[in-house]
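This report covers one protein chain.

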Amino acid sequence: MPTWRTTLTRAGISAPGLREDYTRAARRVLRRDPAPYVTLRLLAEPSLVPWLAAGLAFMNLVDDVAETGTPAQRAAGLAELTERTEAALATGDSPDPLLRAYAHAVATRGLPHRWVTRFLEGAAGAEAAFDGFADEADFQAYLDAYAWPGVLVFTGLQYRGGPDAAQARGWRAFVDAAQRVDFLADLAGDLAEGRLCLPRARLDEHAVTRADLEGGRDTPAVRGLLAAECGRARTALAAGAGILDLTEPGLRPVVRAMTELMEHQLTAVEKAGAGALREDVGYGLVAPLRTLLRARTGRSAAAVSTAR
């Protein structure tokens, strides 16, 4: 793995000020959630890493503002962040080094601003004012408004000029699966915070109440609901499998590892059953290490083959 300085150089980022901006953005990702940063550094083509790190830092920043404070504080914070982001994209400058790095990444890679705008609008609406899902249509609207553009403000930077229609649709299928797995794995924590992320209509279908879930009740009805939701998530994973063919070669090891970990986590939720209502289902330690090692070995072998 090349040093961070070499990584910046391979991406063509040479100006000292910009290098510092990207470094600060990457450090923010590392502090907030080390796993994605380590995965990028180990598995992605180095010339893509700074752009993606800046995109991930921006995505995280928006998420954090949308999820912190009272509804009024969230709204005010997102309005202020939207204004600062729009100014950064328009001028290429900002008092915030993260926004400077992200604006530079968007301009250099040619990511259409509409994805950034959609994400910020979705953060102010679908996420900041989140009150659960009435039904499947409500869940799909949430994906369109927030989760899908949220992924593309990050992953869209892999493509010069941004994702084409087929690539964008591929990431829409990917985020459908990722969001389903994430909501199932985080059921206990979300319920403890007053968030129910399963559509209320599906609780009604299985004659399950919110109190059943909040109480961690292990009943046939609860188990049936969770099994059905896991089945939907597994179907979504299969539907999103084509994303690898739509991913730039330099990012494929990362996406392959992410998909493998989602499958591992979903299997863990299935095994946990009603236990997923009492404790969030993480990746554990062994599975991520094994996945990263296998992906890293595969990436190294592919590099040797290409060199020949």
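R234 is partly exposed, because its relative accessibility is 33%. Salt bridges with shared partners form one network of E136, D144, R172, D176, R180, R202, E229 and R232. The model is predicted.

R234 forms a salt bridge with E270, at 3.1 Å from N to O. E270 is in helix α14 and R234 in helix α13, so the pair ties together parts 36 residues apart in sequence. E270 is partly exposed too, with a relative accessible area of 35%.

## Two further pairs

Side chains of opposite charge can pair when their charged atoms come close. R100 and D21 form a salt bridge, with 2.8 Å between the closest N and O atoms. R100 sits in helix α6 (residues 97-109) and D21 in helix α2 (residues 16-32), so this pair ties together parts that are 79 residues apart in sequence. R100 is partly exposed, at 22% relative accessible area. D21 is buried, because its relative accessibility is 6% and the cut-off for buried is under 20%.

R84 and D96 also meet through their side chains in a salt bridge, 3.4 Å from N to O. R84 belongs to helix α5, while D96 is in the loop between α5 and α6; the pair links distant parts of the chain, 12 residues apart. R84 has a relative accessible area of 27% and is partly exposed. The count of salt bridges comes to 18.

## Overall form

The protein has 15 helices and zero strands. Its C-alpha atoms fill a box of roughly 60 × 50 × 35 Å along the principal axes.

How does the radius of gyration agree with that of a compact globule? For 308 residues, such a globule would have a value near 19 Å; the protein has 20 Å, which agrees. Of the 308 residues, 49% count as buried.

## Negative patch

E67, E193, E279 and D280 form a negative surface patch. D280 lies in the loop between α14 (252-272) and α15 (286-307). D280 is partly exposed, with 36% relative accessible area.

## Spacing along the chain

L244 is placed in the loop between α13 (220-239) and α14. L244 is partly exposed, at 22% relative accessibility. L244 and A274 are 30 residues apart in sequence; C-alpha to C-alpha, they are 33 Å apart in space.

A75 lies in helix α5 (residues 71-91). Its relative accessibility is 46%, so A75 counts as partly exposed. A75 and F139 are 64 residues apart along the chain, and 21 Å separates their C-alpha atoms.

Notes. Residues numbered from 1 in each chain as written. Predicted model: local features only at pLDDT ≥ 70, side-chain atom pairs only at ≥ 80, totals over all residues. Heavy atoms only, no water. Patch = residues over 30% accessible without salt bridge, like charges linked within 9 Å, V, L, I, M, F, W, Y side chains within 5 Å. Areas by Shrake-Rupley, 256 points an atom, 1.4 Å probe, with all protein chains shown as cover. Salt bridge = Lys/Arg side-chain N within 4 Å of Asp/Glu carboxyl O. Lys, Arg positive; Asp, Glu negative; His and termini not counted. Charge placed at Lys NZ, Arg CZ, Asp CG, Glu CD. Helix = DSSP H or I, 4+ residues; strand = E, 2+ residues; numbered from the N terminus. Buried < 20%, exposed > 50% of the residue type's maximum accessible area, 1.4 Å probe, protein only. Rg over C-alpha atoms; globule rule 2.2 N^0.38 Å.
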